[in-house]
Amino acid sequence: MTAVEFSELGRNWGLVAAAFVGLAVAIWRAVAADRQSRAQRDGLYQTRREHVATLFSQAVPALEDDKLHVRLGAIFTLREIVEAFPDLSRPTVDLLSAYLASVEYDDEIPRDVEEIIAIIIPKANSETGS
């Protein structure tokens, strides 16, 4: 084997070794980026859940307020929770149903009751497949 051939062989093996090292580094960086992305996603999800829990805990007492606009604000907030978080829709609809059962009214249906019915009826229909 001549010196040139030996040099080419050494260079080729060096390139192969460098390619393997580069591949290992690329895989390591991809795994690290994936872990970081998952951690950020999980953190964002947890922050959003905490925000929804805060909204829910503020909306529930507002349903008992004497002012219609406060009750409507609470109902609209709960509707957004139903629409944005399917896993929380059942307890939210149950809460609204319980509130609806406690409301007393005469001949005309109050505006807040209409809004609750508009939330509950489509949800009930989607669960029964109607």
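D112 touches L68, R71, L72, I75 and Y99, leaving aside residues up to four places away in sequence; contact means heavy atoms within 4.5 Å. This is a predicted model, in which local features need pLDDT of at least 70, side-chain atom pairs count only at pLDDT 80 or more, and totals for chains, interfaces and linings use all residues. Residues are numbered from 1 along each chain as its sequence is written, and side-chain values use heavy atoms, without hydrogens and water.

D112 lies in helix α4 (residues 111-128). Helices here are DSSP runs (H or I, at least four residues), numbered from the N terminus. D112 is buried, at 2% relative accessible area; buried means under 20% (1.4 Å probe, protein chains only).

Now for α2. Its buried residues are R71, L72, A74, I75, L78, I81 and V82. Helix α2 (residues 68-84) has 17 residues and should span 24 Å at 1.5 Å a residue; its end C-alpha atoms are 24 Å apart, which agrees. The expected span is 1.5 Å times one less than the number of residues.

How do α1 and α2 pack? Helix α1 (residues 3-62) and α2 meet at an angle of about 145 degrees, with axes 9 Å apart. Axes are lines fitted to C-alpha atoms over the stretch in contact, and angles run from 0 to 180 degrees between N-to-C directions.

| Helix | Residues in the α1–α2 contact |
|---|---|
| α1 | R48, V52, L55, F56, A59, A62 |
| α2 | V70, R71, A74, T77, L78, I81, A84 |

Methods: Helices (H or I, at least four residues) and strands (E, at least two) are DSSP runs, numbered from the N terminus. Buried means under 20% relative accessible area, exposed over 50%, partly exposed in between (1.4 Å probe, protein chains only).
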